[in-house]
Amino acid sequence: MGQFCYSCDMTDSKKRQSARARKQRSCTKMEDCLIEDQTTFYSKAEHYWKEVPPTVDGMLGGYGSISSIDINGSKKFLQKFLGEGQGKTGTGCALDCGAGIGRITKRLLLPLFHTVDLVDVTQEFLDKARSYLGEEAKQVENYFCCGLQDFQPQAERYDVIWIQWVIGHLTDDHLVEFLRRCRSGLRPDGLIVVKDNVAFEGVIPDDVDSSVCRDLNLLHRLVARAGLNIICEEQQQNFPEEIYQVHTLALR
């Protein structure tokens, strides 16, 4: 995958709303936060994730203890949309974006969908996913090593495209373009789910992993630019107080 998405399951995440994070500069849009050019911004993130161990704790930035809380919240959110009948989302195939070693694939998507594809920028994480998923790996059809800014989902392949803790590694324009491509990758009544940290106000850069955290207003505007509607939005509950709020958005 080129140099652009950065890996992710936390990409499956990170971002502690500690004193350090709260003191960081806030911007009104992502591009204003870049001190360097985009190529440097992306390459720094790629280097960061290459140094992260391919473990659940590594994917979650040292917060491996929140994994079950996260998965249970996501399952409760997603199951509201799945089923048969008019307007319901099917359970044929899902895409895990910024999949890392497959934490979300293993515990959320594989139990609910017949097949799952993974996409991540770090080949080592995808290699680890094959063993981490165990027997369930037989339900995985594709392991794509590709940056989300370059990734083109197959047209009308996916019932659900799950994008968690990775949008902060894309510029505003790249995020909008990626969401548009995801929309064309959905089957009828398919769903895009974005689950990520949200800032209190503006855009907060993280110089450690070379990413940003956007506030909800900006995220909503980017979703609208992509031609998508928010059909449901919830805040994840029971996460540690020191991390950013995490919101889950269902888009069509």
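Modeller: At least two lining residues of the largest pocket come from each of α4 (67–79) and β8 (230–235). The model is predicted, so local features need pLDDT of at least 70 and side-chain atom pairs count only at pLDDT 80 or more, while totals for chains, interfaces and linings use all residues. Residues are numbered from 1 along each chain as its sequence is written, and side-chain values use heavy atoms, with hydrogens and water left out.

A pocket is an open set of points on a 1 Å grid over the protein atoms alone, where a 1.4 Å probe fits and protein lies on both sides within 12 Å along at least five of seven lines; lining residues have an atom within 4 Å of a point. α4 gives the largest share of the lining, five residues. The volume of the pocket is about 190 Å³, taken as the space filled by probe spheres set on the points, which are joined across faces, edges and corners.

Next, the annotated sites. An unreviewed UniProt entry places the feature "binding site" at Gly98, Arg103, Asp120, Val121, Thr122, Leu148, Gln149 and Gln164. Those positions are given in the numbering used here, feature names are shortened, and annotations may be inferred rather than shown by experiment. Asp120 belongs to strand β2 (residues 115–120) and is buried at a relative accessible area of 0%. Buried means under 20%, exposed over 50%, and partly exposed in between, with a 1.4 Å probe and protein chains only. Thr122 sits in the loop between β2 and α6 (123–132); its relative accessibility is 6%, so Thr122 is also buried.

Last, the backbone. Glu156 has a positive phi, near 55°, and Asp189 has a positive phi near 65°. Most residues other than glycine have a negative phi. Glu156 is in the loop between β3 (140–145) and β4 (158–164) and is exposed because its relative accessibility is 56%. Asp189 lies in strand β5 (residues 186–198) and, at 37% relative accessibility, is partly exposed.

Conventions. Helix = DSSP H or I, 4+ residues; strand = E, 2+ residues; numbered from the N terminus.
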